[in-house]
Amino acid sequence: MILLLIGLYFEPFLSSLFIVAYVIMLYLIASIVRNNYYFEVDETCFRKEYGVIHKFNVTIPHSQIQNVNITRSLTDRILGLAKIDIETAGSSGVIQKEIVGTRSSRAEAHLPGITLAQAKEVHDVLMENFADLQPELR
């Protein structure tokens with residue numbers, strides 16, 4: 001930050017050009033990542049596909065879902081966003097997965113940066129299917 005202020009003082013045009021190029025680059029990277037991120041909830045399972053260079057697919061049957069948590073940081077609340085963690089019966093409670101840009105999670109699936117309305121809808125659908133499966137398990 002100090003170097004940026006010094007650059008703005010001595011070379012305002014070059015520093016401004018660098019800042020604009022940096023913001024454009026961040027926007028393009030975020031757009032590429034966002035366009036390669038997809039999730040779906042249907043009657044049988046939860047599916048998530050993501051990745052730009054390496055594609056990853058996560059499929060979780062409703063019968064394995066144990067808990068769905070919606071979390072919102074201060075930044076998420078300001079932007080109207082939420083994060084969802086989907087915990088499964090087969091996931092280990094000891095091993096925590098590191099998630100870029102946030103805390104570690106024990107969840108099998110993690111959905112960052114979705115709107116609060118989407119988060120509530122996904123939560124309700126997954127927990128409704130979980131409640132429907134409970135009589136079969138008893």
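This is a predicted model: local features need pLDDT of at least 70, side-chain atom pairs count only at pLDDT 80 or more; totals for chains, interfaces and linings use all residues.
Q: Which residues touch the most other members in the largest nonpolar core?
A: Phe46, Ile60, Ile65, Ile84, Ile86 and Leu126, out of 14 residues in that core. A nonpolar core is a set of buried Ala, Val, Leu, Ile, Met, Phe, Trp, Tyr and Cys residues joined through side-chain atoms within 4.5 Å. Buried means under 20% relative accessible area, exposed over 50%, partly exposed in between (1.4 Å probe, protein chains only).

Q: And which elements give two or more residues to this core?
A: β3 (56-61), β4 (65-71), β5 (81-88), β6 (109-115) and α4 (116-137). Those are DSSP runs numbered from the N terminus: helices are H or I with at least four residues, strands E with at least two.

Q: New topic: how many salt bridges?
A: The count is 3, taking a side-chain nitrogen of Lys or Arg within 4 Å of a carboxyl oxygen of Asp or Glu. Lysine 83 pairs with aspartate 76, closest N and O atoms 2.7 Å apart, and both residues are buried.

Q: What do Glu40, Asp42 and Arg47 do?
A: Salt bridges with shared partners join them into one network. Arginine 47 meets glutamate 40 at 3.1 Å, N to O, and aspartate 42 at 2.9 Å.

Key. Residues are numbered from 1 along each chain as its sequence is written. Side-chain values use heavy atoms; hydrogens and water are left out.
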